[in-house]
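Please look at the sequence and the structure shown here before reading on. The paragraphs below are meant to be read with both in view.

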Amino acid sequence: MAKTKTLNKRRQSIRSIRKITRTMELISTACYRGAMERAMSAMAYTDRLTNMVRNLANAGAEVTHPLLVGHPETKTVQLLVLSSNRGLCGGYNGAILRRANRRWNELTGNVADALDQKVENPLLDIAGKRGISYFNYRKTKPAQTFTQFEDRPAWDEVEKIANGYLEQYLTGKIDRLEIVYTKFFSMSKQAVVHETLLPLSELGSGDSEKDEAKSNLNVEYDFLPSAESILKEIVPASFKTQLFKCFLDAAISEQIARMVAMKAATENADAMIQTLTMAVNRSRQSQITGELTELIGGVEALK
Amino acid sequence: MEIKCVVVTPEKVVLEKDAEFVALPLYDGEYGIAFNHTPVIGRLGAGELRIRKDGNVDSYYVAGGFVEVLNNNVTLMTSRAVPVDQITKEAAEKALAEASEKPSSTPEETELRDQALMAARAMMRIANR
């Protein structure tokens, strides 16, 4: 009797968990669509920017900008880690933080075979509560933490951070900016990457083959004030969009990771419910059989 | 005889509409664009963007960026574009205060401060109307 009851109770609780995971899956699917749309609109901007850089380059503008030139000595390296605020997204945070921790140890000189990577003054910035608590547990003090980025990073917020880095880089307070985040390649492929954002390696991001066709090679533009001066302005804008894209990629990847994790959880719950249902039925049947034999035995004894 | 005006920010395409005449804030003053304008790439300053169509004028505040004019397409790339009536005096004052608090001990810092001040003053001018 008792056994059937406990089994039933377990089945019921798994049912409600399944309801929750299923809902979370649906929510992250919706968030993913939103994030994807935003990434697409961001693409419209980056594409145009890249196109413009190409037009300027065709006009023969050569650019030297402090952001494109590395500092002679690398003493202060800023590492920015983009993790998520919430868990329940499978291996998403684990993968990022493993990578970030490895890089951080390299920078602080804790890895024996990568001592050449050691720098005098490494700084750590973390976005997302998961990353903050991870490094807190390891007794690593971050320089800055951000928790305001949910599934839709706002340009205004990212721009503030980007401006902060630009100022620090231009005034020599940091010599390099590195970022660890999950890059979005396609719906089925996201990977943790470690990139150097400052000094900038290239202007504008986007595959060149596609843009090549669109650029207007034979148009003669008027440049106001001059091609050089515009290029100079584009450099910081290009950095900001690159950073923004990192945040968008991280947001999309997080939603995909959560979608996959929750889908797996729902499926597991389904399987468990099935086995438990079977167990419940069996135990109920055996209970009934037991009662019947008792009854028959009783009747026989009265004869 | 219409030109197409598109304003994009990194977040979204803010507006996409036809116009007869577009006035935009370049880095050193206002620049007007009518039908069949020569191709131009220019640097924007902070200020007001006006789009005229059938006697109606739409005004937006844009905070710097770039403009490209080609084949009667005007494309503005800016970090921020908001309709003028959403710019309040308080927001402008706040931006101005923030900008004037920035440090200016090195030439680089001074340049950053000047840029922020210019943007804040442009907001102020629009808000004060």
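This is a predicted model: local features need pLDDT of at least 70, side-chain atom pairs count only at pLDDT 80 or more; totals for chains, interfaces and linings use all residues.

Residues are numbered from 1 along each chain as its sequence is written, and chains are lettered from A and ligands numbered from 1 in the order in which they are written.

Chain B has 2 helices and 8 strands, where helices (H or I, at least four residues) and strands (E, at least two) are DSSP runs numbered from the N terminus. Read from the N terminus, the elements of chain B follow the order β-β-β-β-β-β-β-β-α-α. The radius of gyration of chain B, taken over C-alpha atoms, is 15 Å, close to the 14 Å that the globule rule (2.2 Å times the number of residues to the power 0.38) gives for 129 residues, so chain B is as compact as a globular protein of that length. Along its principal axes, the C-alpha trace of chain B spans about 50 × 30 × 25 Å.

Among the strands of chain B, E3 (residues 21-26) pairs with E5 in the antiparallel sense over 4 bridges, pairing being assigned if DSSP finds at least two bridges between two strands. In this pairing, B:Val22 stands opposite B:Ile51 of E5(B). E3(B) is also joined by 5 bridges to the antiparallel strand E4 (residues 29-33) of chain B, and E3(B) and E4(B) form a hairpin with 2 residues between them.

Helix H1 (residues 89-100) of chain B contains B:Glu98. Is this residue buried or exposed? B:Glu98 is exposed because 12 other C-beta atoms lie within 10 Å; a residue is exposed at 12 or fewer such atoms, buried at 20 or more and partly exposed in between, with C-beta atoms placed from the backbone.

Between the chains, 29 residues of chain A are in contact with 24 residues of chain B, contact meaning that C-beta atoms, placed from the backbone, lie within 7 Å. The largest share of the side of chain A that touches chain B, 10 residues, comes from H1(A).

How values were computed
Two residues are in contact if their C-beta atoms, placed from the backbone, lie within 7 Å.
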